[in-house]
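The questions below go through one protein model, a few residues at a time.

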Amino acid sequence: MARRAAADGRGTTVRAARRPELRLPPLVPFGDGGLEPDGDYDALDFAETDLTGQDGAGARFMDCALTGCALDEASLPRARLLDSVLTGVRGVGTNLAEATLRDVELRDARLGGTQLHGAVLERVLIRGGKIDYLNLRRSRLKDVVFESCVLVEPDFGGARLELHRVALRRRQCCTQDTPCGTSSCGRPASAAPSCTAPYWNGS
């Protein structure tokens, strides 16, 4: 697969972030059971599944689809999400501390207070949706793309980002310094003051 290259300020050619290339196999419905610590979940379809408050610490999800799932207070520390697609998931206080996400797409999520500190993200595409107070402290990100999504006060303190391999595209960043109608915000001036798009804090 061809990848676009760009030049940095020193004229050095750098590669764009690689995106996950997912081809899920035929999936089996998850059913009515709950998650289990250290459980193995292969080629399962979690459709509108309520995982609120469930304990899946150390669980492995491989070739799975999670669609419209509730993840409020779900406990998934050290979980491994591999070659999986999460679409329209929602939740507050989801714990994914020290988890591994590799070849994962997160689409149109509505999450708040998500804990990903100490996690490893590689070839991850986060497209659309809104994530409030995303905790990525001391995490490691490689080939991660944030595309057309809204991040409210994300915390990258101590995170290891492989430069030129983490990208934000069409981000929304309304602040007092970059109000609606400016090129940084990308929304029309008529959106103010009702516009609630937050700022991107890359510090």
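Q: Which residues does Tyr 41 touch, not counting residues up to four places away in sequence?
A: This is a predicted model, in which local features need pLDDT of at least 70, side-chain atom pairs count only at pLDDT 80 or more, and totals for chains, interfaces and linings use all residues. Residues are numbered from 1 along each chain as its sequence is written, and side-chain values use heavy atoms, with hydrogens and water left out. Contact means heavy atoms within 4.5 Å. With sequence neighbours up to four places away set aside, Tyr 41 touches Phe 30, Gly 34, Leu 35, Glu 36, Phe 46, Ala 59, Arg 60, Phe 61, Met 62 and Cys 64.

Q: How many helices and strands are there in the protein?
A: Both are DSSP runs numbered from the N terminus: helices are H or I with at least four residues, and strands are E with at least two. By that rule the protein has 0 helices and 15 strands.

Q: How do the residues of the lining of the largest cavity divide into nonpolar, polar and charged?
A: On a 1 Å grid over the protein atoms alone, a cavity is a set of points where a 1.4 Å probe fits but cannot get out, and lining residues have an atom within 4 Å of a point. The largest cavity holds about 270 Å³, a volume being the space filled by probe spheres set on the points, which are joined across faces, edges and corners; of its 23 lining residues, the closest to its centre are Leu 86, Leu 96, Leu 101, Leu 106 and Leu 111. Ala, Val, Leu, Ile, Met, Phe, Trp, Tyr, Cys and Pro count as nonpolar, Asp, Glu, Lys and Arg as charged, and the others, Gly among them, as polar. The lining divides into 21 nonpolar, 2 polar and no charged.

Q: Near what value is the phi of Tyr 133?
A: Most residues other than glycine have a negative phi. Tyr 133 lies in the loop between strand 11 and strand 12, and its relative accessible area of 49% makes it partly exposed. Its phi is positive, near 55 degrees.

Q: How far apart in space are Arg 138 and His 117, C-alpha to C-alpha?
A: Arg 138 is found in the loop between strand 11 and strand 12. Apart from neighbours within four places in sequence, Arg 138 is in contact with His 117, Gly 118, Gly 157, Gly 158 and Ala 159. Arg 138 and His 117 are 21 residues apart in sequence, and their C-alpha distance is 5.8 Å.

Q: Is Asp 40 buried or exposed?
A: Asp 40 lies in strand 4 (residues 40–42). Its relative accessibility is 53%, so Asp 40 counts as exposed.

How values were computed
Buried < 20%, exposed > 50% of the residue type's maximum accessible area, 1.4 Å probe, protein only. 1 Å grid on protein atoms, 1.4 Å probe; cavity = no way out; pocket = protein on both sides within 12 Å on 5 of 7 lines; lining within 4 Å.
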